[in-house]
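Colleague: I'm new to reading protein models. Could you walk me through one, feature by feature?

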Amino acid sequence: IFLGNPMVSNWAEPLIQQLAQDIQTAAEEAVKNRGIFHLALSGGSSPIALFHRLYKHHFGFPWKHTHLWMVDERCVPFTDTDSNFGSLERHLLQHVRIPYVNIHPMPVHKNQRLCDEEDKGTEEYALEISALLTNSSFDLVLLGLGNDGHTASIFPGSQDGITGDKLVVLSESPLKPTHRMSLSLPLINKAQKVAVLVLGKGKHDIITLISRAENKPVRWPIFGVKPNSGQLVWYVDYDAMFR
Ligand code: 6PG
């Protein structure tokens with residue numbers, strides 16, 4: 001019933017199944033301990049492929065106890081094909097049974113303007129997170145990786161979302177001048193778990209750079225997450241590694 005079954009390559013199928021299982025485990029644990037599962041999803045195609053498996057193969061997922069947050073958003077109307085929330089809504093949210101009040105899109109269009117500094121949309125989202133999450137800590141943040149190495153809407157070479165104490169920031173893609181709203185690195189780092197899902201071709205170079213630089217203080221956004229704490233888990237598909 002999904003609009004176009006978001007297929008992934010054969011190489012990636014076991015990876016996606018593993019991540020879906022890990023998310024189900026994290027969700028069950030969060031609901032058992034706190035009665036709620038706060039999940040933050042990135043845009044792009046990977047989360048849709050993942051949710052398709054969660055919906056189709058993982059019965060008993062605690063959708064009713066799940067709060068769905070956005071990791072980042074483009075400053076476009078939700079009807080725009082570039083909208084991350086709009087894409088989730090079109091492909092997923094009409095099928096998975098997350099109560100509407102538990103779905104938290106980023107307020108990119110306050111007062112009919114999109115991501116205007118004065119509109120305080122970032123502060124509003126930060127307040128919502130602080131109000132609903134203990135210590136502003138997500139149970140799980142799902143990140144993707146762009147070919148240029150960006151994750152969330154935090155771009156290598158830019159300090160937006162890396163320095164400063166804001167939980168939610170505005171940023172701009174250097175490639176495509178679209179303003180964006182994004183969780184900041186400090187907020188992502190507060191999460192219990194950070195899963196980085198890297199699917200698809202064209203990411204070999206950036207993955208190689210990151211894997212080689214893992215122990216160097218590269219200002220790649222999520223290097224700040226302590227990988228040895230089990231908090232950060234990479235899910236990298238064969239295509240991303242070798243093709
Ligand atoms: C964005 C996305 C971005 C995404 C990567 C990977 O709005 O740009 O949130 O951070 O995670 O671009 O996208 P794919 O999953 O489609 O490879």
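Colleague: Let's begin at the ligand. How far is an oxygen atom of the ligand from an N or O atom in the side chain of K203?

Modeller: Before the answer, keep in mind that this is a predicted model. Here the K203 side chain has an N or O atom 2.5 Å from a ligand oxygen. As for cover, the ligand has 420 Å² of accessible area on its own, and the protein covers 88% of that.

Colleague: Which residues come nearest to the ligand?

Modeller: There are 15 residues around the ligand, and the nearest are S45, S46, R74, A152 and K203.

Colleague: You mentioned H150. Where is H150 found, and what does its side chain make a polar contact with?

Modeller: Look in the loop between β7 (140-143) and β8 (168-172) for H150. Its side chain makes a polar contact with the side chain of D148, at 2.6 Å. If you skip neighbours within four places in sequence, H150 is in contact with G144, L145, F155, P156 and R180.

Colleague: Is H150 buried or exposed?

Modeller: Buried means under 20% relative accessible area. H150 comes out at 17%, so it counts as buried. Now try K110, in strand β5 (residues 109-110). K110 has 24% relative accessibility, so it counts as partly exposed. Again leaving aside neighbours within four places, K110 is in contact with D119, G121 and E124.

Colleague: On to aromatic rings. How is a pair of aromatic rings described?

Modeller: You give the distance of the centres and the angle of the planes. In this structure the count comes to six aromatic pairs. Take F51 and W63: their ring centres are 5.4 Å apart and their planes are at 50 degrees, so this pair is tilted. F51 belongs to helix α2 (residues 46-57), while W63 is in the loop between α2 and β2 (66-70), so the pair ties together parts 12 residues apart in sequence. F51 is buried, at 0% relative accessible area, and W63 counts as buried at 5%.

Colleague: What about the rings of W69 and Y125: how far apart are their centres, and at what angle are their planes?

Modeller: The centres are 5.6 Å apart and the planes are at 70 degrees, so that pair is edge-to-face. W69 is in strand β2 and Y125 in helix α4 (residues 121-132), so to speak a link between distant parts of the chain, 56 residues apart. Both W69 and Y125 are buried.

Colleague: And which residues do ring pairs link into a cluster?

Modeller: The cluster is made of F37, F51, F61 and W63.

Colleague: Next, disulfides. What is a disulfide, and how many does a search of the whole structure find?

Modeller: A disulfide is a covalent bond between the sulfur atoms of two cysteines. The search finds one. C75 and C115 form it, with their sulfur atoms 1.8 Å apart, and the link is left-handed, at -85 degrees about the S-S bond. C75 lies in the loop between β3 (72-74) and α3 (84-93), and C115 in the loop between β6 (113-114) and α4, so the pair ties together parts 40 residues apart in sequence. C75 and C115 are both buried.

Colleague: Why is α3 described as largely enclosed by the rest of the structure?

Modeller: Because seven of its 10 residues are buried. They are N84, F85, G86, S87, L88, L92 and L93. The cover over these buried residues includes β1 (37-41), α2, β2, β3 and β4 (103-104). At the start of α3, a side-chain oxygen of S83 reaches to within 3.5 Å of the backbone nitrogen of F85.

Methods. Residues numbered from 1 in each chain as written. Predicted model: local features only at pLDDT ≥ 70, side-chain atom pairs only at ≥ 80, totals over all residues. Heavy atoms only, no water. Phe/Tyr/Trp six-rings, centres within 6.5 Å; stacked < 30°, edge-to-face > 60°. Helix = DSSP H or I, 4+ residues; strand = E, 2+ residues; numbered from the N terminus. Buried < 20%, exposed > 50% of the residue type's maximum accessible area, 1.4 Å probe, protein only. Polar contact = N/O pair within 3.5 Å; in protein donor to acceptor, adjacent residues only side chain to side chain. Contact = heavy atoms within 4.5 Å. Near = heavy atom within 4 Å. Areas by Shrake-Rupley, 256 points an atom, 1.4 Å probe, with all protein chains shown as cover. Disulfide = S-S within 2.5 Å.
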